[in-house]
Amino acid sequence: MALSQGKVMKQVSLSMMNQAMDQAQVQADFINEMLGQASVKQIQHAAQPHLGGNIDINV
């Protein structure tokens with residue numbers, strides 16, 4: 001009886017781990033797709049939004 005319960009608990013644990021890994025893979029694929037579509041300028045602006053917005057000109 002205890003051996004059977006142990007096997008069931010192991011199967012549940014592995015199933016939950018597989019679901020978590022699948023979800024992480026889906027999220028990683030989404031991030032890679034988003035980064036592939038974004039331009040370098042957009043990524044740089046997102047990382048440092050305060051740069052490049054103003055030009056100071058002295059005459």
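1. In which helix is Ile31 found? In this predicted model, Ile31 is found in helix 1. Its relative accessible area is 48%, so Ile31 is classed as partly exposed, a class that lies between the cut-offs of 20% for buried and 50% for exposed.

2. Ile31 also belongs to a nonpolar surface patch, which it makes together with Phe30, Met34, Leu35 and Ile43. The area of this patch is about 460 Å². Helix 1, which covers residues 2-37, gives the most to the patch, with four residues.

3. As regards the overall architecture, the secondary structure of the protein consists of two helices and zero strands. The radius of gyration is 24 Å, whereas the globule rule gives 10 Å for 59 residues; the protein is therefore more spread out than a compact globule. Along the principal axes, the C-alpha atoms fill a box of roughly 90 × 20 × 5 Å.

4. What percentage of the 59 residues in the protein is made up of buried residues? The share is 0%, where buried means a relative accessible area under 20%. The protein exposes about 5900 Å², and 60% of that area is supplied by carbon and sulfur atoms.

5. Asp29 is likewise found in helix 1. Is Asp29 buried or partly exposed? Its relative accessibility is 42%, and Asp29 therefore counts as partly exposed. Between Asp29 and Met17 there are twelve residues of sequence separation, and their C-alpha atoms are 18 Å apart in space.

6. Turning to helix 2, this element covers residues 40-47 and includes Val40.

Notes. Residues are numbered from 1 along each chain as its sequence is written. This is a predicted model: local features need pLDDT of at least 70, side-chain atom pairs count only at pLDDT 80 or more; totals for chains, interfaces and linings use all residues. Side-chain values use heavy atoms; hydrogens and water are left out. Patches are made of residues with over 30% relative accessible area and no salt bridge: like charges are joined within 9 Å, nonpolar side chains (Val, Leu, Ile, Met, Phe, Trp, Tyr) within 5 Å. Accessible areas come from the Shrake-Rupley method with a 1.4 Å probe; for residues, only the protein chains shown count as cover. A salt bridge is a side-chain nitrogen of Lys or Arg within 4 Å of a carboxyl oxygen of Asp or Glu. Buried means under 20% relative accessible area, exposed over 50%, partly exposed in between (1.4 Å probe, protein chains only). The radius of gyration is taken over C-alpha atoms; the globule rule is 2.2 Å times the number of residues to the power 0.38.
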